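Subject: Structure handover

Hello,

Here is the structure I promised to pass on. Please open it and keep it beside this email while you read.

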Amino acid sequence: MITLTVKKAFMPQDTAELLRKFNLQKGGRVQEVIDKSVIDYNLQYAPWETGSMAKSAYAATQIGSGQVRYPGPYAHYMYYGEVYGPNIPVFEDDSGVPTRFFSPPGQKKHPTGRELQYSQDVNPLAGPFWFERMKADHLQDIIQEAKDAAGIK
């Protein structure tokens, strides 16, 4: 009779070695691929007037950290799709249409209960909760990219 220890035969001694072998360590190649893919796919779903907020994640995110960041004072309410106020209209011409809005200094903005209206001229999928909507459409794509980075078929 012979007893084979399968675990020792197929598992490296050190778990860190196994994680390294498949690029799964914290901040490793697989996490970098996932982070970059999330940002790339989110571009299709994030609000896009000039593209600056949607693209800001490339500079603000430490690729490989597992956290995608959208900086800026308005990213939060753009994500949740709700107008924050108070917003006082400013009329700079005689058209009767406000050219911009401002909030009095020192007053904290709060949700107004009104939904934001997203322009879909440049980005037809623009809207709130872009990460959740992107995941519903591209989760399997991201998983496949992660598997490819790990060398898993």
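Predicted model: local features only at pLDDT ≥ 70, side-chain atom pairs only at ≥ 80, totals over all residues.

**The largest pocket**

Start here. The largest pocket has a volume of about 750 Å³. Its lining is made up of 25 residues. Nearest the centre lie Glu49, Tyr74, Tyr77, Met78 and Leu116. Which elements give two or more residues to this lining? They are α4 (52–60), α5 (75–80), β1 (82–85) and β4 (110–115). Sorted by class, the lining of the largest pocket has 14 nonpolar, seven polar and four charged residues.

**The second largest pocket**

Next comes the second largest pocket, with a volume of about 270 Å³. There are 13 residues in its lining. Those closest to the centre are Asn42, Val68, Tyr70, Tyr79 and Phe131. At least two lining residues come from each of α3 (29–42), α5 and α6 (130–150). The largest share belongs to α3, which supplies five residues. By class, the lining of the second largest pocket holds eight nonpolar residues, four polar ones and one charged. Note that α5 turns up in the linings of the largest pocket and the second largest pocket.

**How α3 and α6 meet**

At what angle do their axes cross? The angle is roughly 145 degrees, and the axes come within 9 Å. The crossing is right-handed.

Taken together, the contact has 12 nonpolar, three polar and three charged residues.

Glu145 sits in helix α6. Is Glu145 buried, partly exposed or exposed? Its relative accessible area is 28%, so Glu145 is partly exposed. Leaving out residues up to four places away in sequence, Glu145 touches Val33, Ser37 and Tyr41. Val33 is 112 residues away along the chain, yet the C-alpha atoms of Glu145 and Val33 are separated by 7.0 Å.

Ser56 is in helix α4. Ser56 counts as buried because its relative accessible area is 16%, and buried means under 20%. Which residues does Ser56 touch, not counting those up to four places away in sequence? They are Arg69, Tyr70 and Pro71.

Gly127 belongs to the loop between β4 and α6. Gly127 has a relative accessibility of 3%, so it is buried. With residues up to four places away in sequence set aside, Gly127 touches Tyr45, Pro47, Tyr118 and Arg133. Gly127 and Tyr70 are 57 residues apart along the chain, and their C-alpha atoms are separated by 15 Å.

Best wishes

Conventions:
Residues numbered from 1 in each chain as written. Heavy atoms only, no water. 1 Å grid on protein atoms, 1.4 Å probe; cavity = no way out; pocket = protein on both sides within 12 Å on 5 of 7 lines; lining within 4 Å. Points joined across faces, edges and corners; volume = space filled by probe spheres on them. Helix = DSSP H or I, 4+ residues; strand = E, 2+ residues; numbered from the N terminus. Nonpolar A, V, L, I, M, F, W, Y, C, P; charged D, E, K, R; others polar. Axes fitted to C-alpha atoms, helices over the stretch in contact; angles between N-to-C directions. Left-handed = near helix turned anticlockwise from the far one by under 90°. Buried < 20%, exposed > 50% of the residue type's maximum accessible area, 1.4 Å probe, protein only. Contact = heavy atoms within 4.5 Å.
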